[in-house]
Amino acid sequence: LPLLLKATLLRLASGSYHPFYNGFYYNHIMNDDDDGQDKVDYFNGAKLVVETPQDPVYSYNGANVTLPCHYRYEPDLGPKRKIRIKWSKLRDDYTKEQDVMVAIGKTYMAFGDFKGRAHLRQASRHEASLLISDVRLRDDGKYRCEVIDGLEDESEVVDLRLQGIVFPYQPPRGQYRLNFHEAERVCQDQGAILANFNQLFQAWSEGLDWCNAGWLADGTVQYPIRLPRKPCGGVHLAPGIRSYGPRHRHLHRFDAFCFSSALKGEVFYLDRLAGMTLEEAKQSCQDAGAEIARVGQLYSAWKFLGLDRCNAGWLADGSVRYPIVTPRANCGPAEPGVRSFGFPSKGRFGVFCYRER
């Protein structure tokens, strides 16, 4: 029966007969004779085309963003049809896609972390754009816009990238003490998330050079090198991202590369004449209607708000750091950056506080 059906359809397609019709027009039949002339099924006498921007869409933490998506028919079918639209987020490790939203007509449903934040924009005919409000760090990534019309199903991908900063992180215990799950937690504790490869590559292209290997969001371990040297892969290797590949997420231990984006609030510095202990620093921030800043917040304030302070201050993890935008005498190296004094068990310093606007 399958051979007979195929022969009948091929004869109808190649002869002078009218196309077979049962609710859909089959204008072209898939050619399975391996002649290199594969053809496309067009239903309803028209080809469905989905279009999204080729360039990434940039946003930042706390903002609202629109991911453009439009569809059309070739030839045009006239009045708008009732189709199904599905948005999903592709995972860094290429596992099952994360459902974001589905819509039929004016009825839609968002899922998971996107509930209340994902909406469909249909300001014009054949528009299927996705609006995401209050963008979060984990929203960074690739999104699939899928348009379904009967048996037709076409999709394209939009790349959403958050403007942010990648910083290497070691816990107080020292170098290479974190398995993958611990690395995820320490980044979250510092107001950040584990960076993905694109974010690390962007940081490398902007000058990040770090010889200690760290976890990324996909479970790989990598590190960025601008100046090749013997302890960092060898002097004969070109600059680039060195990779250890995927590592065991429970057994293997490395540092972490964390990613933080723009802030919703401000970071400011407090000090006393005699300095403060860590506990006194925390209380001083509370007295000022704020909280002691996290490492990711200090990095973000340094990069996006131009925070420049040549005074060391406590942070929430017990480290002491200070941000320098304009290098100068007695303020550390000749390059801009966030300097670190490590995790002193004693000493009195100022404090960096964070307050929501």
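Student: Which residue is the bridge partner of Tyr58 in strand 11?
Tutor: The bridge partner of Tyr58 there is Arg161. The model is predicted, with local features needing pLDDT of at least 70 and side-chain atom pairs counting only at pLDDT 80 or more, while totals for chains, interfaces and linings use all residues. Residues are numbered from 1 along each chain as its sequence is written, and side-chain values use heavy atoms, with hydrogens and water left out.

Student: Why are strand 2 and strand 11 said to pair?
Tutor: Two strands pair if DSSP finds at least two bridges between them. Strand 2 and strand 11 have three bridges, in the parallel sense, and therefore meet that requirement. Strands themselves are DSSP runs of E with at least two residues, helices are runs of H or I with at least four, and both are numbered from the N terminus. By these rules the chain comes to five helices and 23 strands.

Student: What makes strand 2 and strand 7 the edges of their sheet?
Tutor: The sheet is open, its six strands follow the order 2-11-10-5-6-7, and the pairing is mixed. Strand 2 (57–59) and strand 7 (107–110) each have a single partner strand, so one side of each lacks a neighbour in the sheet. Neighbouring strands of this sheet are turned by 20 degrees against each other on average, direction ignored. For such angles, axes are lines fitted to C-alpha atoms (for helices over the stretch in contact), and values run from 0 to 180 degrees between N-to-C directions.

Student: Why does Asp159 count as buried?
Tutor: Buried means under 20% relative accessible area, exposed means over 50%, and partly exposed lies in between (1.4 Å probe, protein chains only). Asp159, at 11% relative accessibility, is therefore buried. Asp159 belongs to strand 11 (residues 152–162). Across the chain of 357 residues, 43% are buried.

Student: How do you know that the side chains of Asp159 and Arg161 form a polar contact?
Tutor: A polar contact is a pair of N or O atoms within 3.5 Å; within protein, one must be able to donate a hydrogen and the other to accept it, and residues adjacent in sequence count only if both atoms are side-chain atoms. The side chains of Asp159 and Arg161 are joined at 2.9 Å.

Student: Which residues does Asp159 touch, not counting those up to four places away in sequence?
Tutor: They are Pro56, Val57, Gly141 and Lys142. Contact here means heavy atoms within 4.5 Å.

Student: Why is strand 23 described as largely enclosed?
Tutor: Five of the seven residues of strand 23 (residues 350–356) are buried, so the rest of the structure largely encloses this strand. Strand 18 (residues 265–270) runs antiparallel to strand 23 and is joined to it by six bridges, with Phe268 opposite Cys353. Strand 19 (residues 291–292) is also antiparallel to strand 23, over two bridges; Glu291 has Tyr354 as its partner. Strand 20 (residues 313–314) pairs with strand 23 in the parallel sense, again over two bridges, and Gly313 is partnered by Gly350.

Student: What makes the link of Cys285 to Cys353 a disulfide?
Tutor: A disulfide is a pair of cysteine sulfur atoms within 2.5 Å. The S to S distance of Cys285 and Cys353 is 2.0 Å, and the count for this rule comes to five disulfides. The torsion about this S-S bond is about -80 degrees, so the disulfide is left-handed. Cys285 lies in helix 4 (residues 278–287) and Cys353 in strand 23, so the pair ties together parts 68 residues apart in sequence. Cys285 has a relative accessible area of 0% and is therefore buried; Cys353 is buried, with a value of 0%.
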